[in-house]
Structure formats: C-alpha cells, structure tokens
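Please read them beside the coordinates.

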Amino acid sequence: LTEAPTEAEEGEVFTENIIGSSDGYDYELWKDNGTTKFTVMDGGAFKCEWSDINNTLFRRGKKFDCTQTYKEIGDISIDYGVKYQPFGNSYMCVYGWTREPLVEYYVVQSWGSWRPPGATTSLGTVTVDGGTYDIYKTERVEQPSIDGTQTFDQYWSVRREKPDGGAVDLSGTISLTKHFDAWEECGLELGKMYEVALTIEGYQSSGFAEVYKNDLKIEPYSE
C-alpha cells in the first residue's frame, strides 16, 4: 500500500489498485487479480463491479494516522444506502484496520452466498441498529496486511439475519463504536485507528453495488 494518494474527479472510474481521496472521503480499490470497476461519486458514494476475481475490496471512508484509539477519535457511525447484488461470496460491511496491535476488522451487514467467518464459536453478541450480531475472532497466518505479509487477528460482528431478508436495496445505520465497545468487553483489544470504511468485498465471485449514501459521522465518545 505504497501508492501515492490520488485526488479523484467526481465520477472518475478506476480499474486497478488505487488509494486516494475525493470530496472529504478517502477511497481504495484493492484486488489480487481479476476484473474490477470502481466509480468514485459525490460525498462518500461509489459504484463497483467485479468478476473473475479471487479477492477484491472497494472501500470509501476515512483513513487515520494511527495515533488515536477509537475512543479518542469519537463515536463513529455510518448512515448507508446501497443497492447490493452479489453473485457468490461477498460482504457488505464496515471494514478497517488498527495498529498496535495489527487487527483487521469487519462489521458485516449483509452478504452473498456465504455467511462469514465460517464455523467459529461466537464470543458473544451485540444488539444494535435493529439487529443482533455474533462476535468472532479469527487468525490470518502470513497473509497480506497494511504492513506487508503478517500474521494478525481479525475481529468480526456479523448480523444473524440479512436486513430485509437480503433485499437488493438496503439502508440504515451501522453504529460502529457500539461494536468496538462490545468487542473490548469480549477481550478483543483494538489498537490505534488506521481506517474506517464502508466496504463491498468480493471473494471468488462476481457482482455489483451502488453505494448511494455513505454518511460517516464522528461525535464525542461517551461510555
């Protein structure tokens, strides 16, 4: 992840790995191979398409400088609206990383053919934003990360039920800090914040999505 940030024009289309910012929101397209199309729009909005890929992430949000914990940054939430049509394995989620410790995290709101993260025992639950989420911890061994190939933990909140039965057009709020608090209560330590992003991920699948609302809010943190 050494690419120089790019300032996108509204409606600009990217097909290869890119990191940049536009209209107050950071964005990133990452893939290992395959065909991708990522259209950056006003505000936090974006469109994405993928096919013949192994793994790809389209994300739009805020990158931080890894000097503050989530509590120091504030109470983070995202109001979203997305038309989401995956064919196969895919997640619609809030995604990001922390350093010290290096952690990759997911709050999965909806998914394609497979509910992540697999046959793992839940560490607990958090009920927020009209849904109940199971909390999981998994380990990635010698895999790509924001700091090169590393072994690191993944933290997950995964909704038990797809919102609106998995409808194509989804909208609502993801109160991210409530998930972080619940993870810490389960003994899952987060480090200094690197990123918060509304994300569409595809894994060995195809699909498309239009994120027409992505309103990232940061308010003062309160216990």
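1. In this predicted model, strand 8 (residues 75-99) runs antiparallel to strand 15, and the pairing extends over 20 bridges. Within this pairing, Tyr-95 is placed opposite Ala-197 of strand 15.

2. Strand 15 (residues 195-219) also pairs with strand 6 (residues 46-51), in the antiparallel sense and over five bridges. Here Gly-207 of strand 15 has Trp-50 opposite.

3. Strand 7 (residues 55-63) is another antiparallel partner of strand 15, with nine bridges between the two.

4. Leu-198 belongs to strand 15. Is Leu-198 buried or exposed? Its relative accessibility is 2%, so Leu-198 is classed as buried, the cut-off for that class being under 20%. Apart from neighbours within four places in sequence, its contacts include Phe-46, Phe-58, Arg-59, Arg-60, Ile-78 and Tyr-80. Met-92, Cys-93 and Val-94 are also among the contacts of Leu-198, as are Val-211, Lys-213 and Asn-214.

5. The whole structure holds eleven salt bridges. One of them joins Arg-59 to Glu-195, with 2.7 Å between the closest N and O atoms. Since Arg-59 is in strand 7 and Glu-195 in strand 15, this pair ties together parts 136 residues apart in sequence. Arg-59 and Glu-195 are both buried.

6. Glu-195 forms a salt bridge with Lys-63 as well, at 3.4 Å from N to O. Lys-63 is in strand 7 and Glu-195 in strand 15, so parts 132 residues apart in sequence are tied together by this pair. Lys-63 is buried, and so is Glu-195. What network do these residues belong to? Salt bridges link Arg-59, Lys-63 and Glu-195 with Glu-28 in a network.

7. Another salt bridge is formed by the side chains of Asp-147 and Arg-99, at 2.6 Å from N to O. Asp-147 sits in the loop between strand 11 (131-143) and strand 12 (150-159), while Arg-99 is in strand 8, so the pair ties together parts 48 residues apart in sequence. Asp-147 is partly exposed, because its relative accessible area is 33%. Arg-99, at 25% relative accessibility, is likewise partly exposed.

Note on methods:
Residues are numbered from 1 along each chain as its sequence is written. This is a predicted model: local features need pLDDT of at least 70, side-chain atom pairs count only at pLDDT 80 or more; totals for chains, interfaces and linings use all residues. Side-chain values use heavy atoms; hydrogens and water are left out. Two strands pair if DSSP finds at least two bridges between them. Helices (H or I, at least four residues) and strands (E, at least two) are DSSP runs, numbered from the N terminus. Buried means under 20% relative accessible area, exposed over 50%, partly exposed in between (1.4 Å probe, protein chains only). Contact means heavy atoms within 4.5 Å. A salt bridge is a side-chain nitrogen of Lys or Arg within 4 Å of a carboxyl oxygen of Asp or Glu.
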